[in-house]
Amino acid sequence: MGWENLLLGMSVAFTPINLLWCFVGVLLGTVVGILPGLGSPATVAMLLPLTASMNPTAALIMMTGIFYGAKYGGSTTSILLNLPGEPSSVVTCIDGYQMARQGRAGAALGIAAIASFVAGTLGVVGLMLVAPPLSRFALQFGPPEYFGLMVIGLTLVVFLAQGSLLKGLLSCILGLLLSIVGADAFTAESRFTFGQVELVDGIDIIVASVGIFAIGEILMNIEQGISTTLLHVPRGIRNLLPSYQDLKDSRFAFLNGSVVGFLAGTIPGGGATIASFLAYGIEKAVSRRSEKFGTGVVEGVAAPEAANNSETGGALVPLLTLGIPSSNTTAILLAGLTVWGLRPGPLLIQENPGLFWGLVASMYIGNVMLLILNLPLVPLFAQIMRLPMYVMYPLIVGISMIGVYSVANSVFDLWMLMGFGLLGYTMRKLGFPAAPLILGMVLGRRLELALRQSLMMSQGSNAIFFTRWLSAFMIATAVLLLLVPVVRRAITRSAVFK
Amino acid sequence: MKRPDIASGLVLAGLGVFVTQQAARLTYRDEFGPGPGLLPFWLGLLLIALASCLAVFSLRRKEKSGEVDRIPSTEFGQPHRISRVLLAWLSLVVTVAALNVLGFIVSLGLLSFFLVYVVERRPLRNAITVAVAIALSFLLLFRAILPVPLPVSPWGF
């Protein structure tokens, strides 16, 4: 990578028209990210036909702006309303909402914006520096390696289960079972659909997460009789932004999230949701105050937000270097490259250096724009919390219903939303953590797919997971992660006895 | 929280039995390898095992000091509180049922009124204000400004 390429990119990105489209993309992305259900894949798909006549560089800049802008917006409702705007913002609900309940909504929003900026920028640096070699590495991922990755993801349940590990495991199993509802990927045999046509495609993660987190929380608050302002909003802008201590506490979370997110993004099927869970789990595992995670620690917001933003840079690596999409949004961007008259594949960068480097430069600019857009809006967003809860309840329900309905324009999804809402309330009452259930839903199908493909490859032999070095390494890593709480407890006990 | 844990353990174990039974009807293994019944079968068994552990441990366990319970402390089982929750939840269900008849905006307005006036027992004026404000806001934002598809009534709104 030469600096002259980046200068070329800057000269492309800094044209007035490209700056304008970058701004349009990130602004639209932020709005889309705030609204649950209306995710970046749907928005990019809806706008794609309109970009057919646009300059390819401008179109790609705008569409990519929507992609990473949505990551910024997704944390807003997660923190303020316990309502994940994007699937990758589910984990932010865990500590972000608790911070808001403690009167630190502004600090949470601010740290989310800063984490997004830092990690988004690092993700672009990663894209710029390591795109070709890393995408070649990702090609080594076959079904056994994906299985290993999913196993690592499942071990995170031990970090997400607050209080009772047994209940955490049970939640995770429920999530895995929910994930396999629908038609089997290999045989099309219906599983647990009970004759409902709407369930053939499975249960959407947005329906489950909005129901469990948002509706469940509302029911919980109604039971507690909280009708006035729940969340204390401090006065003065200084109190509404993260403190120096918050930034200091989050510095490793920024790095952890950036690396995890970027790597997860390069792997097709990795995705920002898994990345955010992974980063949260790792942060909790290595933190000196891991027992406080879930009660409103700033690292619990910084790590997942960093991961889900850095994932953008990673996801663009296989797309732009190999023509392989690694997520829904990048799949639509791939279609866009064709619509714009480009040839996705290994020669894209060589044939269109201005396009690639212009995009890279615009992502630097876009991240700055998003930081400038989001930080001053923190006090405005925080003011929403001054509304009495009896006003917030129907507001949250309305936004939830719109978000869920917009997934598939299906009233059946709204029935499921209410069902999950009751489930979320019941889980909270009984002390079952919700995050492992969502994790199970995210991983279940992919785990099964990887498992069955691997066993087909090996004609039924389990040795395939251990004879391939990358898969064996991942499974060994998962086992080590499982041992972390055990080792930590042993160290604590020996310290107490001394 | 012993009795609820025992009950939830038993319910989940029952669910595990159901899942295992349903999975047994699916293809466990076919000529190409594992079938669609493999994972749900073993998940069902795991669910039975872990849920049974929960029920059994809860029967034996004493309350440990320092055992962290992350959910807000509420008196589980107070009838008047539970009935408020069920009333609120039923209103959400009725709202969904009414969507195809009344459309989204009207249904949301009525739900807002019900939640504020009946469930939260706020003054009538507050309830009407909130209901109208929310319905109009959603109409403006999601129908007029953002072309987001919403369920509509047979009368087009």
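Me: Where is the kink in helix 19 of chain A centred?
Reply: In this predicted model, helix 19 of chain A has a kink of about 40 degrees, and the kink is centred on A:L443.

Me: How far apart are the end C-alpha atoms of that helix, and what span should its 23 residues have?
Reply: The end C-alpha atoms of helix 19 of chain A, which covers residues 435–457, are 33 Å apart.

Me: How many of the residues in helix 19 of chain A are buried?
Reply: Helix 19 of chain A is mostly covered, with 17 of its 23 residues buried.

Me: What is the phi of A:Q459, which follows helix 19 of chain A?
Reply: The phi of A:Q459 is positive, near 55 degrees.

Me: Changing topic: at what angle do helix 4 and helix 13 of chain A pack?
Reply: Helix 4 (residues 56–81) and helix 13 (residues 299–322) of chain A pack at about 165 degrees, and their axes are 10 Å apart. Angles over 145 degrees count as roughly antiparallel, and helix 4 and helix 13 of chain A are therefore roughly antiparallel to each other.

Me: Is their crossing left-handed or right-handed, and which residues make the contact?
Reply: The crossing of helix 4 and helix 13 of chain A is right-handed. Helix 4 of chain A contributes residues including A:F67, A:Y68 and A:Y72, while those from helix 13 of chain A include A:N308, A:E311 and A:L316.

Me: And how many helices and strands does chain A have?
Reply: Chain A has 21 helices and two strands. Of its 498 residues, 65% count as buried.

Terms used
Residues numbered from 1 in each chain as written. Chains lettered and ligands numbered in written order. Predicted model: local features only at pLDDT ≥ 70, side-chain atom pairs only at ≥ 80, totals over all residues. Heavy atoms only, no water. Helix = DSSP H or I, 4+ residues; strand = E, 2+ residues; numbered from the N terminus. Expected span 1.5 Å × (residues − 1). Bend = angle between axes of the 7 residues up to and from the residue. Buried < 20%, exposed > 50% of the residue type's maximum accessible area, 1.4 Å probe, protein only. Axes fitted to C-alpha atoms, helices over the stretch in contact; angles between N-to-C directions. Parallel < 35°, antiparallel > 145°, perpendicular 65-115°, else oblique. Left-handed = near helix turned anticlockwise from the far one by under 90°. Contact = heavy atoms within 4.5 Å.
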